[in-house]
Amino acid sequence: MQGEARLSPWQLDHRRGNCDLCGVPHAPSLFIESQIQAWKKITDAVHGKGSYIFCQLVALGRVADTGTLRKEGGFEVSAPIPIPMEDGAAGFGALTEEEIYDFMRDFAIAAKNAIAAGFEGVEVYGSNGYQVDQFLQDVRNWRTDQWGGSVENRARFGIEVSKALVEAVWCGTGFRISPWNTWQGMKMADPVPQFPYSVRQLNIDTWGRKTPVLIVGGYKPENVLHAIQHEYKDHNIAVMFGRHIFG
């Protein structure tokens, strides 16, 4: 039986030379040849069962473990603005313009390595309070430059990362969002118009309106037809299942 799997093998902090260590204990990566070869064993096994596998790419931002960062070489947290996860945690500075572009570059490098490792495509983990989501939502982005301060500016980082991936790998790319998530201190008071704007820009600028938006979260056989025929009847979507099957 064919199917699809998504893994999150890559977590990034661009200041670490070979990016092998990433601010969370035992985080797998995709930056050096030995890691690529190790992932090939997994992708080969998935393909051997007649299935497909995509790689989620995630930068942690402010949720990176400060203890792990110190152990890895005295590094600091990298985030849009300096808001620690916990009261009393060590302070850190906001990402500079140069560092923001460095992250885009490293997303693209990881995407190329994912394809070299046998993944069918890549997905930006733009949800659940990690770095891309931190840029996107006003509860964690109070910047006043081109990376914050408006709907368009807050969306810019995720959109530019996605463009970098499309340019780098020329194959399946995706972008995960979670407008209603409250985990890790997230959720805007009003997620509209921020998230619809981001999706529209991704669909137009990055994918050229050629790919569907994947809708997921609480769907079952009893309610999926209503979503397709009524809620999203004028949109190019695909409804995804997983939690009720694998949970």
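Q: In what order do the elements of the chain run from the N terminus on?
A: This is a predicted model, in which local features need pLDDT of at least 70 and side-chain atom pairs count only at pLDDT 80 or more, while totals for chains, interfaces and linings use all residues. Residues are numbered from 1 along each chain as its sequence is written, and side-chain values use heavy atoms, with hydrogens and water left out. Helices (H or I, at least four residues) and strands (E, at least two) are DSSP runs, numbered from the N terminus. The chain has eight helices and six strands, and their order is β-α-β-α-α-β-α-α-β-α-β-α-β-α.

Q: What share of the 247 residues of the chain counts as buried?
A: Buried means under 20% relative accessible area, exposed over 50%, and partly exposed in between (1.4 Å probe, protein chains only). For the 247 residues of the chain, the buried share is 48%.

Q: Why is strand E3 described as largely enclosed by the rest of the structure?
A: On one side of E3 lie Gly 121, Glu 123 and Tyr 125, and on the other Val 122 and Val 124; both faces are covered. In a regular strand the side chains alternate between the two faces of the sheet. E3 (residues 121-125) is largely enclosed because the number of its residues that are buried is five of the five.

Q: Is Gly 121 buried or exposed?
A: Gly 121 belongs to strand E3. Leaving aside neighbours within four places in sequence, its contacts (heavy atoms within 4.5 Å) include Ile 53, Phe 54, Ile 115 and Cys 171. Its relative accessibility is 0%, so Gly 121 counts as buried.

Q: How many residues of the contact of H3 with H5 are nonpolar?
A: Residues of H3 (residues 97-116), including Phe 103, Phe 107 and Ile 115, meet residues of H5 (residues 151-169), including Phe 157, Val 161 and Leu 165. Ala, Val, Leu, Ile, Met, Phe, Trp, Tyr, Cys and Pro count as nonpolar, Asp, Glu, Lys and Arg as charged, and the others, Gly among them, as polar. In this contact no residues are polar and two are charged, and the nonpolar residues number 13.

Methods
Axes fitted to C-alpha atoms, helices over the stretch in contact; angles between N-to-C directions.
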